[in-house]
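Hello,

Here is the structure for your files, with the sequence alongside. My notes on what was found follow below it.

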Amino acid sequence: TERMPLDKRQSPLDSLSFAVGKAEVKLCYSRPALRGRKMIGGDAVPYGKLWRTGSNEPTMIHTTGPITVAGVALAPGSYSLYTIPGEKAFEIVLNRSTTQWGHESAYTDEVKKQEAGRGKAAASATKAPVERLTFTAAPSPDKAKTLVLEWDSAHVEIPVAAK
């Protein structure tokens with residue numbers, strides 16, 4: 001898959017690293033901006049449809065140890081992370097395929113066959129629109145973390161725990 005030169009990207013690359021139990025976890029994603037548009041729940045990122053959860057390449061999660069993400073068990077390795085947005089919950093889709101381009105049309109039957117699993121994450125509304133897609137890791141009980149996705153008016157809490 002051809003990668004886009006970093007200086008040509010409208011959506012900058014970013015990453016987030018955190019520990020869950022003994023696992024080191026790194027999330028890599030592109031950060032699209034609203035630029036005056038309605039995105040989540042709008043035409044670009046409609047409810048009920050697969051979303052690459054960023055722009056450019058799919059969002060990736062890398063783990064050095066066994067973890068669960070939204071209840072889906074992941075062995076050490078790299079996975080692509082997609083979501084299916086909803087008003088009250090997002091479906092979290094974790095896939096072993098990491099070489100496809102992020103656009104939803106690239107989520108072919110061949111890619112779908114490599115899914116590690118799907119889970120649910122609670123969604124609510126932010127107080128004010130968030131201009132750029134942002135992930136943060138908030139502490140949770142039992143040394144777990146909550147991976148918080150915020151963009152547009154969506155606030156999504158994805159549980160991540162040691163397995």
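Strands β3 and β6 pair in the antiparallel sense over 5 bridges, where two strands count as paired if DSSP finds at least two bridges between them. Strands here are DSSP runs (E, at least two residues), numbered from the N terminus. Within this pairing, the bridge partner of M60 is S80 in β6. This is a predicted model, in which local features need pLDDT of at least 70 and side-chain atom pairs count only at pLDDT 80 or more, while totals for chains, interfaces and linings use all residues. Residues are numbered from 1 along each chain as its sequence is written, and side-chain values use heavy atoms, with hydrogens and water left out.

Buried means under 20% relative accessible area, exposed over 50%, and partly exposed in between (1.4 Å probe, protein chains only). β6 is also joined by 5 bridges to β7 (residues 89–95), and these two run antiparallel. T83 stands opposite I92 in β7. Together β6 and β7 form a hairpin, with 4 residues between them.

As for the sheet as a whole, 9 strands form an open sheet with antiparallel pairing, in the order β1-β2-β3-β6-β7-β8-β9-β4-β5. Its edge strands are β1 (13–20) and β5 (72–74), each of which pairs on one side only. From one strand to the next, the twist averages 30 degrees; the axes are lines fitted to C-alpha atoms, and angles run from 0 to 180 degrees between N-to-C directions.

Further along the order, β8 (residues 115–139) and β9 (residues 145–162) pair in the antiparallel sense over 11 bridges. Here T136 has V148 in β9 as its bridge partner. The loop between β8 and β9 contains K143. This residue is not a glycine, yet K143 has a positive phi of about 60 degrees. K143 is exposed, with a relative accessible area of 68%.

N56 sits in the loop between β2 (23–30) and β3 (59–63). With a relative accessible area of 9%, N56 is buried, whereas K143 is exposed.

Regards
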